[in-house]
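Subject: Handover of a structure and the findings

Dear colleague,

Please find below the structure that I am handing over to you.

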Amino acid sequence: MLARVLESLRSWEWALDGWIIVAGALCAAASALVGTFLVLRRMSMMGDAISHAVLPGLAVAFLVTGSRASVPMFLGAAVVGVLTALFTEWVRGVGKVDEGASMGVVFTSLFALGLLLVVQAADHVDLDPGCVLYGAIELTPLDTVTVVGREVPRVVVMLGAVFLLNLTCVLVLYKELQISSFDPALATTLGINARGLHFLLMTLVAVTAVASFETVGNILVVAMLVVPAATAFLLTRRLSVLLVLAVGFGVGSAVVGHVAALAVPAAFGYASTNTAGMMALTSGVGLLAAIVVTLLRRGQPLRIKNPPGSPLFVDGGGTVRVSGGGR
Amino acid sequence: MLSLSPPPPAPTPTRRPTLAPLGAEHSPEAALSIHDMTVAYHRKPVLWDVDLDVPPGSLVGIVGPNGAGKSTLIKAVLDLIPRVSGRVLVFGKPYRQQRHRVAYVPQRESVDWDFPVSALEVVAMGLYGRIGWFRPVTRRHREIALHALERVGIADLAQRQISQLSGGQQQRTFLARALVQEADLYLMDEPFAAVDAATEKAIVRLLQDLRAAGRTALVVHHDLQTVAEYFDRVVLLNLRVVASGLTETVFTRENLQKTYGGRLTLMTEAAEALAREAPAP
């Protein structure tokens, strides 16, 4: 078994696997930075909604420009991302339903529209619905651009730019994002535009989702947005540490995920599996490990107050349960 | 020391209700003056025609049954929810121009106490308006915040994550945050809700310190028994201002009856509160 694992890793090539890991790590890091604030705002589902809803934005950008040029794609995504947040508020207000229901209506409709458009566009441009949904991180090294005399995968450049954008926003607007996440009403009375920051965050989530769709795909990006941040949330009570840990967990799951995608199936005599899937699975295992660590560290049954809207909680007896959505 | 206001006069059946809003003619020096303000949610009015003047240096209690619009009144003053009509002036100017002179203490349940911040960090948030966009919190700001925590008596808990604080300590943290704003007008939403006796005393002392320094505080309050003791002035609210003015003239059985209507349990409380101050006829 060990021999088979070593055999599978013998085909390791830094020029290929290295770039795949870099792409995965940048995607995870960029997602973790904005995902942390989604988790803190109890808005994890908004990440889900927006990452699905950007699909029509992408499709329209493809149909209009006929190419996968980055700028129109990001514009399309940012617009639809903000629209998702706006529509959700609007449906909740007019339809008098709770946020979850209105989000569900808005993002599934937009996603469905996007799917129709993508299938339509696939006949005309080089766009594969499967790739949009599940990503194609393994193809990362094949499509390169030249940056300061070096061949760098296009996806890595794009994810690097989005990571830097997110990092800059989090560093420069650290205290604004903190206060508007913790107490938006107070922020507003202090002259800090909490609503504006909300839409900025939604835009960053949309842009991150677009940058990620070629690597981990439209669906698994949700895992990258939420899981590392949720893991870090279990282990620290400091926002700055939480951000660093979340990025660390994200990057770690990218590295471990790719190696595991090669090695784990090999151990059982199968060919390598999907890296993006393994990344998401790794971060999920990380979250479980964090729960166990928290349990052991406290030396007593874990008591986490069930966050409203969180599907996962630990009851008084220390048993991890899945809630039916109630408090 | 508690300064006890004179007890409200014993209500007599023949007395005319003090219905005319005291702020009928608005004084330009008022810390807060609200002119004919109406607020609605989904077209259903939740506050009708509120007309109110708060003189500077007073401690005002806002009292009324659940759903009377007490929190709504504060939020509408702060532009947190839109007004259908009416005008709000803070020290003679629109709120937007006077934002830095107003501090808000929201209800304790309005925030997520599992949020990863320490008590000190929460208090420092009160300075964010002054620090300005993009600039970091410096050591000087943290010192100001620590000093405010000292004033409310929990400086030793500065580094605690806020979920590790008791309800009373959380409330003190919120008050410290309002203190660092060095405002002239304080709007507090139920600061006395579910706090321990020591915290209640600390808040009362703080309110008196504020008044001594010429500051004004508008406090949503739910405990009728302590209204006369804590507040110079009272606003009885139930969708409309039922009565407002000096506590000793306005806080009467008749007005309470008008405010609370047929809510028997609350009326019993009110009766007890009044009976304690002056035996019912």
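What percentage of the 327 residues in chain A do buried residues make up? The share is 53%, where buried means under 20% relative accessible area, exposed means over 50%, and partly exposed lies in between (1.4 Å probe, protein chains only).

Please note that this is a predicted model, in which local features need pLDDT of at least 70 and side-chain atom pairs count only at pLDDT 80 or more, while totals for chains, interfaces and linings use all residues. Residues are numbered from 1 along each chain as its sequence is written, chains are lettered from A and ligands numbered from 1 in the order in which they are written, and side-chain values use heavy atoms, with hydrogens and water left out.

Chain A

Chain A has 13 helices and four strands; helices (H or I, at least four residues) and strands (E, at least two) are DSSP runs, numbered from the N terminus. Of the contacts in chain A with a separation of 6 or more, 70% are between residues 24 or more positions apart, a contact being heavy atoms within 4.5 Å. The chain exposes about 14,200 Å², and carbon and sulfur atoms supply 70% of that area. Accessible areas come from the Shrake-Rupley method with a 1.4 Å probe, and for residues only the protein chains shown count as cover.

On the surface, Val79(A), Leu83(A), Leu86(A), Phe87(A), Trp90(A) and Val94(A) form a nonpolar patch with about 560 Å² of accessible area together. Patches are made of residues with over 30% relative accessible area and no salt bridge; like charges are joined within 9 Å, and nonpolar side chains (Val, Leu, Ile, Met, Phe, Trp, Tyr) within 5 Å. Val94(A) belongs to helix α4 (residues 70-95) of chain A and is exposed, at 57% relative accessible area.

Salt bridges

A salt bridge is a side-chain nitrogen of Lys or Arg within 4 Å of a carboxyl oxygen of Asp or Glu. Over all chains, the count is 11. In chain A, Glu99(A) pairs with Arg92(A), with the closest N and O atoms 3.5 Å apart; Glu99(A) is partly exposed at 33%, and Arg92(A) is partly exposed at 34%.

In chain B, the salt bridge of Asp232(B) with Arg211(B) has its closest N and O atoms 2.3 Å apart. Asp232(B) lies in the loop between α8 (224-230) and β9 (233-238) and Arg211(B) in helix α7 (residues 197-212), so the pair ties together parts that are 21 residues apart in sequence. Asp79(B), Arg83(B) and Arg96(B) are linked in a network of salt bridges.

Where the chains meet

The size of an interface is often given as the accessible area lost when the parts come together. Between chain B and chain A, the buried area (the accessible area, with a 1.4 Å probe, that two parts lose on being put together, summed over both) is about 2,800 Å², and carbon and sulfur atoms give 63% of it. In chain B, Phe115(B), Pro116(B) and Trp133(B) lose the most area to chain A, together 25% of what that side buries. The contact takes 32 residues from chain B and 28 residues from chain A.

Three salt bridges are counted between the two chains. One of them links Asp112(B) and Arg42(A), with the closest N and O atoms 3.1 Å apart. Asp112(B) lies in a loop of chain B and Arg42(A) in a loop of chain A, so this pair joins two chains.

Yours sincerely
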